[in-house]
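Subject: Structure for you to look at

Hello,

Here is the structure I promised to pass on. Please open it and keep it beside this note while you read.

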Amino acid sequence: MSISDKFNRFYDKIKMSHDDITLVSSRCEKISYLLSTEYYGRPTKDYSLYVGSYGRDTEVSISDIDMLFRLPFKKYEQYNNYAYNGQSALLQEVKNVISKTYSRTILKGDGQIISVTFSDGITFEILPAFINEGHKSFTYADSNFGGSWKVTSPKEEQRAIQEINNDTNKNLKKLCRM
């Protein structure tokens with residue numbers, strides 16, 4: 001067996017299974033429907049985006065799935081007007097919305113995200129965020145050290161990874177997983 005064959009076998013073993021991908025998709029959809037119904041009045045996935053290794057297509061397991069949920073800008077205005085740590089209050093509000101459906105699931109606000117840990121050990125880390133002008137970046141809450149707002153550009157990151165992956169004969173994502 002060649003080294004290339006060995007790497008391909010190893011790579012096949014660390015990739016997520018079809019069943020795992022289906023499970024992640026189903027849970028993301030349910031969380032998206034829950035949050036979009038609360039904040040937009042209709043169940044849809046239109047306001048959700050996979051981010052982190054899952055969004056870059058470089059994940060190796062499903063223990064941690066990062067998901068951005070875009071909130072209406074009026075929520076930013078509401079919590080930005082707080083005298084102290086409106087960011088923490090925003091995370092608690094989103095956590096409370098999620099707890100209405102996932103009351104027996106371990107939930108916690110943690111810095112920038114709401115962590116939703118299911119009984120099978122899979123954790124969704126939900127980043128509530130607000131889309132910025134130009135739709136290329138998002139502003140999100142950081143509740144640490146009294147609270148602040150930070151900016152992320154996950155779509156740009158995903159695009160860059162895809163471009164480099166294409167330029168490297170589809171090997172970058174494989175290397176990232178390994």
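Does Asp120 count as buried, partly exposed or exposed? Asp120 counts as partly exposed, because its relative accessibility is 44%. Buried means under 20% relative accessible area, exposed means over 50%, and partly exposed is in between (1.4 Å probe, protein chains only).

Some ground rules. This is a predicted model, in which local features need pLDDT of at least 70 and side-chain atom pairs count only at pLDDT 80 or more, while totals for chains, interfaces and linings use all residues. Residues are numbered from 1 along each chain as its sequence is written, and side-chain values use heavy atoms, with hydrogens and water left out.

Overall layout

The protein chain has seven helices and seven strands. These are DSSP runs numbered from the N terminus: helices are H or I with at least four residues, strands are E with at least two. Their order from the N terminus is α-α-β-α-β-α-α-β-β-β-β-β-α-α. Along the principal axes, the C-alpha atoms fill a box of roughly 65 × 35 × 35 Å. Of the 178 residues, 42% are buried.

Salt bridges

The structure holds 13 salt bridges. Each one is a side-chain nitrogen of Lys or Arg within 4 Å of a carboxyl oxygen of Asp or Glu.

- Asp120 pairs with Arg27 at 2.9 Å, N to O. Arg27 lies in helix H2 (residues 18-40) and Asp120 in the loop between S4 and S5, so the pair ties together parts 93 residues apart in sequence. Arg27 is buried, at 15% relative accessible area.
- Lys100 pairs with Glu38 at 3.6 Å, N to O. Lys100 sits in helix H5 (residues 86-101) and Glu38 in helix H2, so parts 62 residues apart in sequence are tied together. Lys100 is exposed, at 59%, and Glu38 is partly exposed, at 42%.
- Arg177 pairs with Asp57 at 2.9 Å, N to O. Arg177 is in helix H7 (residues 172-177) and Asp57 in the loop between helix H3 (52-56) and S2, so this pair ties together parts 120 residues apart in sequence. Arg177 is buried, at 9%, whereas Asp57 is partly exposed, at 35%.

Asp57 and Arg177 also belong to a salt-bridge network with Glu59 and Lys173.

The loop between S4 and S5

Ile122 is found in the loop between strand S4 (113-117) and S5. Ile122 is buried, with 5% relative accessible area. Ile122 and Gly111 are 11 residues apart in sequence and 19 Å apart in space, C-alpha to C-alpha.

Surface patch

Ile3, Phe7, Phe10 and Met178 form a nonpolar patch on the surface, with about 410 Å² of accessible area together. Patch residues have over 30% relative accessible area and no salt bridge; nonpolar side chains (Val, Leu, Ile, Met, Phe, Trp, Tyr) are joined within 5 Å, like charges within 9 Å. Areas come from the Shrake-Rupley method with a 1.4 Å probe, and for residues only the protein chains shown count as cover. Phe7 is in helix H1 (residues 3-14) and is partly exposed, at 45%.

Best regards
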